[in-house]
Structures are given as C-alpha cells and as structure tokens.
Amino acid sequence: MNPLVRLHGDDRALFASDMHLAEHDLATVSAFTAALEQHGADATHLFLLGDLFDLWVGDDHHDAVADALGGCIGRLADGGREVWLMRGNRDFLIDTGTPTFSERHHARLLPDPCLIELFGERVLLAHGDALCIDDLPYQKLRAQMRSQQWQRNFLAQPLTGRLDFARNLRSRSEHEKQGKTEMLMDANEEEVRRVMREAGVTTMIHGHTHRPAHHRDELDGVTLHRWVLPDWDEAAGRGGFLRVDAGGWRFEAP
C-alpha cells in the first residue's frame, strides 16, 4: 500500500470525524462548519474521516445540511486547500451517485483504510468501525451493507423509502447501544496491532468510537501511536480537530 497523499515542508494537516450533521441538530451543523472554515483557513490539507452526516442514503440526497457542509468544503477547496473525505458507518453511501458528493464540492474520496505520509512518516487513516470486531452483530450488518449487491438494490429504491429505512435503522441502533458495553463498541486492541503491523506503520488516526485520546502501545519493541478523533455535539460541548504540521501533533479545540 503506497501513500495516497504526502505532506512535507510547510504543509499543515487538519483532521476531523464524526460530525453526524443532521437537520435535527442545526446547532452542531453551524458550529462545525464555522470551526472548519476558521481552522481550515490555516491548513493546506483537510481530512474528514467519516460520519460527516448522521445518515446518507445516496448522492441524490440533497438538503440544507448537505448544502451547508458542501458549501464550506467547496470554499476551502476553491481557496487552495486539498479536501479529502472518507466514508463512515453512517454515510458509507457517499460518492455512489453521478456526480458524486465529492465531485460537486471539489473534494476527493479516500479508501478506508489508507496510507498517507506526514513529514516522512507513514500513517494509517481509518474511520474506525472495522476495528470494533467484538461487536459481532454490527460487523455482520456492516459486511452486508457494504456489499455491491446490497447497495445496488438499496439505491434502486425511491429516495423516500431509503430515508425511512435509514431513520428506522438509526433508531434501532441507538436502542441496541443501550445494551452494549463500552468495551464491545470500542476498538479491539489486538485488531489495532494486527492492522498496524500489516500496514507497516507505527501511527494510526481514526474516529468512530467517540473516545478522543492519544494511545501509546508497544509492539515488537516499538511504540505505536493511535490518535482517536472526537465526535461533535454542540449541546454537549464536544468536538475538536487534530492538527499535524512540521512542529508536531496536537489536538485543537473548536
């Protein structure tokens, strides 16, 4: 696996994930887009690592929330920033239409997972849900919904039907979470080590778990670094970015 993007010199990267933007929470939509415009102005590369939206049922899904985020990243891209998007578990159907969401807003799609190079270091990027292997029912559903056949059948349905299905699935998921332990919904540490060893990296950046942290672990006498991005919720006061430049790595409040 070769790095898809290489940053060096005066480049400045900004990472975020798990915004879960939705019409029922316009305060978070406003807060995130304002923060992205502000913090993104001092970056050369922006990486949004999945769950941009609370749900996404295809690129024919147009609403005020999609327009708000699309307009924001489009302005940043037109201003000279490279904007890279990754699918999450709630918006894995981004870029399944024509034109794609990324194309409309001058962004580019990253595979999950993928390698980039940050100032000479190979770094693995992921949304993070594939690391939560202890949640077997979720992983089974994930495999089903990521299949090409399932997606073809789903996207062939009318938009209103797709929206109803996604809302019902989201409601069921929230209910089922109440019966799951935190460990079940977190990244499995052995899986993290396996994935990083296989990719040949000592640093990973991901979101999904809503447990922002800089984890350090040891593998074969080498220190592994795993940076977990925060989720965004304006009412709860949550959110933030990871900034990486030649001066180092640091979390940044909105």
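Analyst: A nonpolar core is a set of buried Ala, Val, Leu, Ile, Met, Phe, Trp, Tyr and Cys residues joined through side-chain atoms within 4.5 Å. Buried means under 20% relative accessible area. Keep in mind that this model is predicted.

Start with the core itself. The largest one has 38 residues. Within it, F32, L36, L48, F53 and I73 have the most contacts. Which elements give two or more residues to this core? They are β2 (12-16), α1 (26-40), β3, α2, β4 (82-86), α5 (148-155) and α6. Helix α2 gives the largest share, seven residues. In soluble globular proteins, nonpolar side chains tend to be buried together.

Now zoom in on L36. Leave out residues up to four places away in sequence. L36 then touches L14, A41, L46, L48, L69, C72, I73, L76 and F241. Two of these, L48 and I73, are also named among the residues with the most contacts inside the core.

Next, look at the aromatic rings. The whole structure holds 13 aromatic pairs. One of them joins W56 and F101 edge-to-face. Their centres are 5.3 Å apart, with 70 degrees between the planes. This pair links distant parts of the chain, 45 residues apart. W56 sits in the loop between β3 (45-49) and α2 (64-78), while F101 is in helix α3 (residues 101-104). Both W56 and F101 are buried.

W227 and W249 form a stacked pair. Here the distance is 5.5 Å centre to centre, and the planes are 25 degrees apart. W227 belongs to strand β10 and W249 to strand β12 (residues 248-252). Are these two buried or partly exposed? W227 counts as buried because its relative accessibility is 8%. W249 has a relative accessible area of 25%, so W249 is partly exposed. Ring pairs also link F92, W150, F154 and F165 into a cluster.

F154 leads on to R162. R162 lies in helix α6 (residues 159-177). R162 counts as buried because its relative accessibility is 4%. Beyond its neighbours within four places in sequence, R162 is in contact with V57, G58, D60, F154, L155 and Q157. The side chain of R162 reaches the backbone oxygen of Q157 at 2.8 Å. R162 and H61 are 101 residues apart along the chain, yet 9.7 Å separates their C-alpha atoms.

Six strands form an open sheet, in the order β1-β6-β7-β8-β10-β9, with mixed pairing. Its edge strands are β1 (6-7) and β9, each pairing on one side only. Strands β8 and β10 run parallel and are joined by four bridges. M204 has R226 in β10 as its bridge partner.

Helix α8 (residues 189-199) has E191, V192, R193, V195, M196 and A199 buried. Those buried residues pack against β6 (114-118), β7 (121-125), β8 (203-206), β9 (213-219) and β10 (222-228). At the start of α8, a side-chain oxygen of N188 comes within 3.0 Å of the backbone nitrogen of E190. After α8 comes G200, with a positive phi near 70 degrees.

Methods. Residues are numbered from 1 along each chain as its sequence is written. This is a predicted model: local features need pLDDT of at least 70, side-chain atom pairs count only at pLDDT 80 or more; totals for chains, interfaces and linings use all residues. Side-chain values use heavy atoms; hydrogens and water are left out. Buried means under 20% relative accessible area, exposed over 50%, partly exposed in between (1.4 Å probe, protein chains only). Contact means heavy atoms within 4.5 Å. A polar contact is a pair of N or O atoms within 3.5 Å; within protein, one must be able to donate a hydrogen and the other to accept it, and residues adjacent in sequence count only if both atoms are side-chain atoms. Rings of Phe, Tyr and Trp (its six-membered ring) pair if their centres lie within 6.5 Å; planes under 30 degrees apart count as stacked, over 60 as edge-to-face and the rest as tilted. Two strands pair if DSSP finds at least two bridges between them.
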